[in-house]
Amino acid sequence: MTQEEFEKIWQDDSDFVICHTSGSTGEPKEIKLSKDFMRQSAVRTNEFFGIISSCRLHTCLDFEYIASKMMTVRADEAKCVLTSEVPTSKPLGCIGQEETIDLLSVVPAQMEWILDNSERWNGIRHILIGGSAIPKMMRRRIALSSFDAWETYGMTETASHIALRKVEEEDVPFVALEGISVEVDDDGCLVVIMPDGMRLVTNDIAIVESAKEFRILGRADNCVISGGIKIMPEDLERKLGPFIAFDYCISSVPDKKWGEKLVLAVELSEGTNDEDLIKDAVGVRLKQYRKILDLGVKCPKDVVCLKELPRTVNGKIDRKRLKSMLSVF
């Protein structure tokens, strides 16, 4: 879908927009969002970033997904300009060094390119980064850069993000936007309470620090039970992130002793062929930091090297497919 095609949908007489989830946890689902609900979301973001009629928004993402759809709605509500481009891993090729962008929407893979070429763009005020978690090393690079970048938390069902957090080196909590509050249910999953009182129970295990602040540990359906202990792979990945210089993901395989055995899957970088050397190097790292990070049973038992980690169309690691791939090792 192009920007022009969605703008026609947004301006038609229908009260709803048909959207689809990303499919990162299964088959994409069709969702009907009311345009009024989407407008309210847009207003919250515009107020947070001070978006007015003189601003320019720009998206590097596909209009099939809620992120770009909502950039259209924000621009419409603020009566400002929205520009876009065909999604690529090397974005902003059409943007000049002195051009101003007040709000830019990207995914982490695109942010990597922007950081590598930061001298090419001086006029970016705020950057929204969504779609998947920001790797630890990238988080540090952003924190040390001149970019004002924000990590988003939200989903299609909430018409994009309901909370933001400034990208900093330390792990700061997400803060819910105006009128939105959060809590956890009996299973530890985050519950989002919208301004109209609507309650959305997510599949994300969270620590709620206040009615507005929370941290995400990982998805409930990604939870691994090894040796009778519940382990959130995403939380473990954040702890190990600073010590492993490869793209990786933690998964599990069935095990007679542990029930499930944690496995660290490493993506080999281009030109790297010695898998045994990589496995040994990562294994040594795990042993070094097992005590320092107090990992205990949470320490992965095996390291597997893959030429490529499986990913969904929007760049998220496909954990379900990875688990299937690991079953043959």
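Start with strand 9 (residues 174–176) and strand 13 (residues 213–219): 2 bridges join them, and they run antiparallel. This is a predicted model. Pick out Val-175; its bridge partner in strand 13 is Glu-213.

A hairpin of 4 residues leads from strand 12 to strand 13. Now find Asp-204, whose bridge partner in strand 13 is Arg-219.

**Helix 6**

From Arg-219, step across to Glu-234, one of its contacts. Glu-234 sits in helix 6 (residues 233–240). Show its surroundings: beyond its close sequence neighbours, Glu-234 is in contact with Leu-217, Gly-218, Arg-219, Asn-222 and Arg-319. Its side chain makes a polar contact of 2.8 Å with that of Asn-222. Which side chain of opposite charge is nearest to Glu-234? It is Arg-319, 4.3 Å away.

Next, colour the buried residues of helix 6: Pro-233, Glu-234, Leu-236, Glu-237 and Leu-240. They lie on the same side of the helix because they cover an arc of only 160 degrees around the axis.

Stay on helix 6 and select Asp-235 and Arg-238. They are 3 residues apart, about one turn of the helix. Their side chains meet in a salt bridge of 3.7 Å, N to O. Asp-235 is partly exposed, at 21% relative accessible area. Arg-238 is partly exposed too, at 32%.

**Links across the chain**

Select Lys-323 and Glu-260. They form a salt bridge, with the closest N and O atoms 3.2 Å apart. This pair links distant parts of the chain: Lys-323 is in helix 8 (residues 319–326), Glu-260 in strand 17 (residues 259–267), 63 residues apart. Buried or partly exposed? Check each end. Lys-323 is partly exposed at 38%, while Glu-260 is buried at 19%.

Now bring up a group.

Centre on Arg-165, in strand 8 (residues 160–166). It counts as buried, at 8% relative accessibility. Among the residues Arg-165 touches are Trp-150, Val-172, Pro-173 and Phe-174.

**Last stop**

Finish at Asp-102 and Arg-125. Their salt bridge has its closest N and O atoms 2.8 Å apart. Asp-102 is buried at 7%; Arg-125 is partly exposed at 34%.

Terms used: Residues are numbered from 1 along each chain as its sequence is written. This is a predicted model: local features need pLDDT of at least 70, side-chain atom pairs count only at pLDDT 80 or more; totals for chains, interfaces and linings use all residues. Side-chain values use heavy atoms; hydrogens and water are left out. Buried means under 20% relative accessible area, exposed over 50%, partly exposed in between (1.4 Å probe, protein chains only). Lys and Arg count as positive and Asp and Glu as negative; His and the chain ends are not counted. A salt bridge is a side-chain nitrogen of Lys or Arg within 4 Å of a carboxyl oxygen of Asp or Glu. A polar contact is a pair of N or O atoms within 3.5 Å; within protein, one must be able to donate a hydrogen and the other to accept it, and residues adjacent in sequence count only if both atoms are side-chain atoms. Contact means heavy atoms within 4.5 Å. The arc is that of the directions from the helix axis to the C-beta atoms. Two strands pair if DSSP finds at least two bridges between them. Lists of a residue's contacts leave out its neighbours within four places in sequence.
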